[in-house]
Amino acid sequence: MADKDYINERIVPKQKHPVRHAILTVLAVIGLAALFGVVERLTFELTGEVIPSLLGKNVSASETTDKVNIHTGNKGSGNTSVLTTGSSIAVEDATGSAVATSSAVKTDENKDSEAAGSAVKPEDTSDKPSESAPATAPAFTINEEATPEERIKDYTTLYRNLADYANDMNISVVEVDSVVMGTDWFENPYETVSSTSGYIAAVSDKYAYVLTDYSSIKDASDMELVFDNGFKTSGTLRNYDKDLNIAILAAKLTDATDSEKESLTAVTFSDSHIYSAGAPVVALGSPDGRIRSTVPGVITSAGEPLYKADKAFSTFYTNITVPENGSGVIADYEGNIIGLIDSGSDSKGSSRVIQAADVTDIIGKLINGESIPYIGIVSKDFEGAESATGRTGGVLVDSVVAGSPAEDAGLHSSDIIYELDGENVTSMTEFTRLLNEKKPGDSVKLTIYREKRNVGSEHEIEIIIGDNRGIK
């Protein structure tokens with residue numbers, strides 16, 4: 001997912017006009033207006049966002065206590081479930097009522113209740129946004145006995161159907177406009193405005209939670225979110241995962257009309273890892289560098305696991321190429337988001353996609369304002385060590401992130417991790433699961449095997465866990 005769609009630069013030069021009296025009068029009026037505006041803004045921020053932040057609450061949307069469930073599954077297969085970590089993925093609202101995302105697909109009330117686990121149910125359904133039917137591509141067949149003229153018409157119909165489907169999916173795409181302030185060499189102030197795409201991940205009565213690139217908004221002094229229905233509002237950074245380059249923005253819906261709220265539709269993330277080469281897909285977001293652009297394609301092959309700090313992700317490739325200023329997600333034709341385009345991929349003629357099933361748990365935690373446990377190792381499964389160490393499985397440490405808790409504790413590349421707090425570690429997936437059961441600030445003990453001068457021995461290392469933003 002990339003940084004920018006366009007850049008506008010505005011230079012504010014110093015005034016040097018010789019006629020001072022008129023200019024000073026105008027500047028005095030403007031200055032007083034600006035002063036009153038600043039005082040009003042500071043009052044708003046101190047009472048709304050800054051004071052809660054100083055008191056230890058999360059930066060954005062910290063006052064919200066409304067329960068928002070994220071839904072995963074596979075539309076069209078009858079398998080749609082509430083995403084849970086532990087008991088439920090939810091954000092509470094000050095009202096104490098629970099509000100489900102607008103993307104929920106209910107086929108059976110009892111099944112939905114079971115899937116939600118211990119998630120809090122709505123006490124007042126009048127606050128709940130209306131649910132929409134899943135977007136699905138119309139059925140289409142080609143008559144092999146048709147004339148060339150009829151086949152051309154069929155071909156045109158096919159692409160019109162694809163366009164209609166893309167339009168249905170784009171109602172969940174959000175334009176994220178970021179303003180970054182700076183000064184030039186002559187110390188003249190200027191602002192840079194950039195745009196990227198975002199995706200409605202969950203909706204409550206008071207907030208919409210938008211998934212976007214962290215790198216695109218990390219330096220923004222101000223953000224405006226433009227929804228497909230035309231509603232515009234400011235956005236604040238709720239949480240992010242720097243290593244995965246994703247962020248969750250909280251958009252206040254205070255000024256939205258009831259109809260605008262009802263039309264906000266959250267995406268559904270697929271919980272399946274089974275994808276076939278040749279399966280048709282479509283890229284949404286800004287895959288050609290323009291917001292709400294769409295590019296059809298196919299899955300070309302399964303990819304190698306992508307290893308990032310403390311995690312391993314399943315991937316696949318598509319024949320969709322994304323320019324440097326583009327970003328996006330990959331959807332199937334049942335209305336499911338099946339992957340996030342990896343902006344760090346250097347593949348030519350294709351794009352690497354991180355499977356959605358591996359990131360929905362992280363997205364849910366970010367929406368909840370939860371910190372994801374972090375120690376800072378890039379590792380992979382290790383096979384063939386039994387003959388040398390007498391133990392099976394294990395995780396081989398490829399590298400240790402500089403300044404991370406793992407480096408502080410003395411973990412080295414080439415170390416093999418066998419246990420985490422006495423639990424056997426057989427794979428990177430198992431290591432991630434065990435680590436995610438901990439919290440930042442917890443102390444964990446790793447049992448490792450280390451070779452020094454061709455002599456191997458076991459060691460025990462204690463690490464204080466940091467969080468997903470690299471904070472210790």
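Which residue in E24 does Glu419 stand opposite? In this predicted model, the residue that faces Glu419 is Thr447 in E24.

**Strand pairing around E24**

Strand E24, which covers residues 443–452, runs antiparallel to strand E22, residues 416–420, and is joined to E22 by four bridges. E24 also runs antiparallel to strand E25, residues 455–464, and here ten bridges join the two strands. Within this second pairing, Ser443 stands opposite Ile464 in E25. E24 and E25 form a hairpin with two residues between the strands, where Arg453 takes a positive phi near 55 degrees. The two pairings are set side by side below.

| Partner of E24 | Residues of partner | Bridges | Direction |
|---|---|---|---|
| E22 | residues 416–420 | four bridges | antiparallel |
| E25 | residues 455–464 | ten bridges | antiparallel |

Ile330 lies in strand E16, which spans residues 327–331. Ile330 counts as buried because its relative accessible area is 0%, and the cut-off for that class is under 20%. If residues up to four places away in sequence are not counted, Ile330 touches a set of residues that includes Val281, Val282 and Ala283, together with Phe316, Ile320, Ile337, Ile338 and Val353. Asn336 and Gly339 are also among the residues that Ile330 touches. Ile330 and Gly285, although 45 residues apart in sequence, are 9.0 Å apart in space, taken C-alpha to C-alpha.

**The protein as a whole**

The protein has nine helices and 26 strands, and of its 472 residues, 45% count as buried. Its accessible surface comes to about 23,500 Å², of which 51% belongs to carbon and sulfur atoms. Among contacts between residues at least 6 apart in sequence, 66% join residues at least 24 apart.

**Confidence**

The mean pLDDT of the protein is 77, and 68% of its residues reach 70 or more. Among the elements, strand E8, residues 207–213, has the highest mean pLDDT, at 96, whereas strand E5, residues 98–100, has the lowest, at 33. Over residues 44–65 the pLDDT stays under 50, and the model has 44 contacts beyond four places in sequence for this stretch. The pLDDT likewise stays under 50 over residues 78–134, for which the model has 145 contacts beyond four places in sequence.

Key: Residues are numbered from 1 along each chain as its sequence is written. This is a predicted model: local features need pLDDT of at least 70, side-chain atom pairs count only at pLDDT 80 or more; totals for chains, interfaces and linings use all residues. Side-chain values use heavy atoms; hydrogens and water are left out. Two strands pair if DSSP finds at least two bridges between them. Buried means under 20% relative accessible area, exposed over 50%, partly exposed in between (1.4 Å probe, protein chains only). Contact means heavy atoms within 4.5 Å. pLDDT is the predictor's confidence in each residue, from 0 to 100. Accessible areas come from the Shrake-Rupley method with a 1.4 Å probe; for residues, only the protein chains shown count as cover.
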